[in-house]
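Good morning, and thank you for making time on the agenda.

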Amino acid sequence: MVIGAGAGLGNSVYSSSVYDNVLLPINLDFEVGVAEALFGVDGLSLGVGAALSYTQAKDDYTNLYAGLIDGEIGFKYASYIVGAKGYFHYDFGVENLDTYAAITLGYNIASAKSYGDWGSYEIEPASASALYYGVSVGARYWFTEALGVNLEAGYGLSFLKAGINFRF
């Protein structure tokens, strides 16, 4: 069993070219190994688990309405992603290195709310949810039997993520 925590670089939900104050995605992963010598191939194994992720952003309209309003106005957005993750590991024979390809299928629970005084306009909070998917390749390097780091690249909430892992 492996538990991992990390942060992502890049954000596929909130682009920093459109939104202000984009939070780097935060990830938690859990994996349990379920099969070795998958399809009769030595070194190929399967793991399944769960993935939780969070990110947020702000869309500030204060400068757009400068002189017309007092204070700041805009919207705050948040996304919580809950999913199942499948790992296909292949052992290349490098000591302490665990390489894998992963597929994630889950649900993105997104919300938006306004902040500031919009005057006579009534702004209602909004939420939206949708299916979420991701594909990636990654590697974990184990410094000890129980402590390691990982790097994962692909399409998901972030394009590149790094983290720390605990094996028990």
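Let me begin with K58, which forms a salt bridge with E72, the closest N and O atoms being 4.0 Å apart. K58 lies in strand β3 (residues 44–60) and E72 in the loop between β3 and β4 (74–90), so this pair ties together parts that are 14 residues apart in sequence. By salt bridge I mean a side-chain nitrogen of Lys or Arg within 4 Å of a carboxyl oxygen of Asp or Glu. Strands here are DSSP runs of E with at least two residues, numbered from the N terminus.

A word on provenance: this is a predicted model, in which local features need pLDDT of at least 70 and side-chain atom pairs count only at pLDDT 80 or more, while totals for chains, interfaces and linings use all residues. Residues are numbered from 1 along each chain as its sequence is written, and side-chain values use heavy atoms, with hydrogens and water left out.

How exposed are the two partners? K58 counts as buried because its relative accessibility is 18%, whereas E72, at 44%, counts as partly exposed. The cut-offs are under 20% relative accessible area for buried and over 50% for exposed, with partly exposed in between, using a 1.4 Å probe and protein chains only.

By the salt-bridge rule, the count comes to 8. Another of them joins R140 to D98, with the closest N and O atoms 3.2 Å apart. Here R140 belongs to strand β6 (residues 126–142) and D98 to strand β5 (residues 97–115), so the pair ties together parts 42 residues apart in sequence. Both R140 and D98 are buried.

E152 and K161 form a further salt bridge, at 4.0 Å between the closest N and O atoms, and both residues are buried. K161 in β8 is also the bridge partner of E152. The two residues belong to a network of salt bridges that links D29, K85, E152 and K161.

That brings me to the overall fold. 8 strands close into a barrel in the order β1-β2-β3-β4-β5-β6-β7-β8, with antiparallel pairing; two strands pair if DSSP finds at least two bridges between them. Between β7 and strand β8 (residues 160–167), which run antiparallel, there are 7 bridges.

Strand β7 (residues 147–155) also contains N150, which counts as buried because its relative accessibility is 12%. The side chain of N150 makes a polar contact with that of N165 at 3.0 Å. A polar contact is a pair of N or O atoms within 3.5 Å; within protein, one must be able to donate a hydrogen and the other to accept it, and residues adjacent in sequence count only if both atoms are side-chain atoms.

Finally, the aromatic residues. The structure holds 12 aromatic pairs. One of them is F75 with W118, a tilted pair at 5.3 Å centre to centre and 45° between the planes. Rings of Phe, Tyr and Trp (its six-membered ring) pair if their centres lie within 6.5 Å; planes under 30 degrees apart count as stacked, over 60 as edge-to-face and the rest as tilted. F75 is buried, with a relative accessible area of 17%, and W118 is buried at 18%. Ring pairs link both into a cluster with Y14, Y19, Y61 and Y77. Thank you; I welcome your questions.

Note on methods: Helices (H or I, at least four residues) and strands (E, at least two) are DSSP runs, numbered from the N terminus.
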